[in-house]
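Me: I would like to understand the words used to describe a protein model. Could we go through a few of them carefully?

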Amino acid sequence: MSTVVELQSVHKRFGSNHVLRGVSFAVDRGEVVAIIGKSGSGKSTALRCINRLEQIDDGQISVCGHAVHANGLDLRALRRDVGIVFQSYNLFPHLTVLQNIALGPTAVKRMPAAQANALACDVLARVGLSDKAQAYPEQLSGGQQQRVAIARSLAMQPQLMLFDEVTSALDPELTGEVLKVMEQMAAEGMTMILVTHEMGFARRVADQVIFMHQGQVWEQGPPDILDQPATAELRQFVGTGL
């Protein structure tokens, strides 16, 4: 198995706030990694550093062969290889679902319109929304919009997908819709890192669980660390039912 993501002693500060304090972990191709922890533990910041939405202060990050920490990083090349989906869907309201998805392949990859539209139809089918191609975002439920956001990232044919608490704004039924799509992606072999509060999903789908606390990787291992925590902090976190 080849390593797709590697963080080595990563530090990130926002002013006097030392958010990441020597974070190190690796993700192999085809692995699903769930990052869990309390608010403010550094989970989302770590994810954003992987995609260079935040620049680290110290350490090294390698993603799909790109030295993310380097000054000479080709950002466009990195973003072609790494898809990211946020809690907010960030769809263009004036474009149809199909247009939202086809935009990346045509604008970034210079793909012919017909080919991009065919690709958009294909990824829409993968997320179960073929019948919504001509709909506008405001005509969709929150769960459907989030599935379109996932399809939009898949259309870029990335090597790695990042998910930042993508279900936290959704009610339980819509959450189930989105998690089902992510579970299918995992089964198809997509390398995925997700920041999540969905412990059931982490237990069921993740190959590796990373528990972050106070800006550090506090505990790490297979999903059964959630049932047998080695530290008081993880025991307390799991015990709260989060």
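Reply: Let us begin with handedness: a crossing is left-handed if the near helix is turned anticlockwise from the far one by less than a right angle, and right-handed if clockwise. H3 passes H5 in a right-handed crossing. This is a predicted model, in which local features need pLDDT of at least 70 and side-chain atom pairs count only at pLDDT 80 or more, while totals for chains, interfaces and linings use all residues. Residues are numbered from 1 along each chain as its sequence is written, and side-chain values use heavy atoms, with hydrogens and water left out.

Me: Why are H3 and H5 called roughly parallel to each other?

Reply: Helix H3 (residues 97-107) and helix H5 (residues 142-154) pack at an angle of about 30 degrees, with their axes 8 Å apart. Angles under 35 degrees count as roughly parallel, over 145 as roughly antiparallel, 65 to 115 as roughly perpendicular and the rest as oblique, and H3 and H5 are therefore roughly parallel.

Me: What makes Thr45 buried?

Reply: Buried means under 20% relative accessible area, exposed over 50%, and partly exposed in between, with a 1.4 Å probe and protein chains only. Thr45 has a relative accessible area of 14%, so Thr45 is buried. Leaving aside neighbours within four places in sequence, Thr45 is in contact (heavy atoms within 4.5 Å) with Lys12, Phe14, Val19 and Leu20.

Me: Which share of the 242 residues in the chain is buried?

Reply: Buried residues make up 52% of them.

How values were computed: Axes are lines fitted to C-alpha atoms, for helices over the stretch in contact, and angles run from 0 to 180 degrees between N-to-C directions. Helices (H or I, at least four residues) and strands (E, at least two) are DSSP runs, numbered from the N terminus.
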